[in-house]
Amino acid sequence: PGNPDEDSSDRFATVFPQRLEVDYVRVYEGVFPRIVGKNVVDCSEKDVEYEIVNIESEGILFIWEVPQNATIKKGQGTSRILVSFDSTTMERNIIDSEIIHVQAIGIDNHSISASIGLAKLDESGIGMRVKIVDFSGKCSSTKKEVNTGLNEYNFDCGRPSTCTAFVLHKTTDEFTCGERIEWLINEKDMDENDACKEVG
């Protein structure tokens, strides 16, 4: 549009105000190595898959660490693992901030180009926060029906088979899907279908 100090009679002079339109895209999600998998799991859930993506895994040894009440059933040393959870001695009905962690060995001699993400994976590893929940109390030592301490939502987005408690309590950034839908309904006066579509 021209320099700001050009004569206004010049057809190339900048006209103020200007508007910059930005399309918000998660540009880093497809660039740096990260762990993908379920971040809300049942206390007795089996064969949950976790995988590190955005990295060529050939020739690299991956060392995985899982929470105390979880076991790696398959895949230690590779880029993909299967984890089974067995929290039968849970004293609480929700365990938050448990970490699935992976560190890579062999990146220095690998053919892929270096980056900040790869350096972190090699030096200290990367992690993923996992929330272990017990909706029915089946994993507690008393084996009784107990209060989980989780929000109970009175909506299912018209899809009760897929819009389950696990889905509604899945964390996206800072808030869960259920919290975001509930906020849109209560604060923005959206109906249930529109709120579900917005969050989805």
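Val-130 is found in strand E8, which spans residues 126-133, where helices (H or I, at least four residues) and strands (E, at least two) are DSSP runs numbered from the N terminus. At 0% relative accessibility, Val-130 counts as buried, a class that means under 20% relative accessible area, with exposed meaning over 50% and partly exposed lying in between, for a 1.4 Å probe and protein chains only. Not counting residues up to four places away in sequence, Val-130 touches Lys-38, Asn-39, Val-41, Tyr-50, Phe-85, Ile-95, Asp-96, Ser-97, Glu-98 and Ile-100, a contact being heavy atoms within 4.5 Å. One of these partners, Ser-97, is 33 residues away from Val-130 along the chain, yet the two C-alpha atoms are separated by 5.9 Å.

The model is a predicted one, in which local features need pLDDT of at least 70 and side-chain atom pairs count only at pLDDT 80 or more, while totals for chains, interfaces and linings use all residues. Residues are numbered from 1 along each chain as its sequence is written, and side-chain values use heavy atoms, with hydrogens and water left out.

For the protein chain as a whole, the secondary structure comes to 4 helices and 10 strands, and from the N terminus on the elements run β-β-β-β-β-β-β-α-β-α-β-β-α-α. Of the 200 residues in the chain, 34% are buried. Among the contacts with a separation of 6 or more, 59% are accounted for by residues 24 or more positions apart.

A second residue to look at in the strands is His-101, which is found in E7 (residues 94-105). His-101 counts as buried because its relative accessibility is 19%. A polar atom of its side chain lies 2.9 Å from the backbone oxygen of Ser-124, and such a polar contact is defined as a pair of N or O atoms within 3.5 Å, where within protein one must be able to donate a hydrogen and the other to accept it, and residues adjacent in sequence count only if both atoms are side-chain atoms. Leaving aside neighbours within four places in sequence, His-101 is in contact with Ile-63, Trp-64 and Glu-65, and also with Ser-124, Gly-125, Ile-126 and Gly-127.

The loop between E8 and H2 holds Phe-155, which counts as buried because its relative accessibility is 7%. Its contacts, apart from neighbours within four places in sequence, are Leu-168, Gly-178, Ile-181, Glu-182, Ile-185 and Glu-192. Between the C-alpha atoms of Phe-155 and Cys-196, 41 residues apart along the chain, the separation is 9.5 Å. Cys-157 is found in the loop between E8 and H2 as well, and at 16% relative accessibility Cys-157 counts as buried; although it is not a glycine, it has a positive phi of about 60 degrees.

Rolling a probe the size of a water molecule over the atoms shows where empty space is left. Helix H2 (165-168), helix H3 (177-187) and helix H4 (192-199) each supply at least two of the lining residues, and H4 gives the most, with 4.

What lies on the two sides of H4? The buried residues of H4 are Ala-195, Cys-196 and Val-199. Seen down the axis of H4, these residues fall within an arc of 100 degrees, so they line one face of the helix, the arc being that of the directions from the helix axis to the C-beta atoms. On the other side of H4, Lys-197 and Glu-198 are exposed. What covers the buried residues of H4 includes H3.
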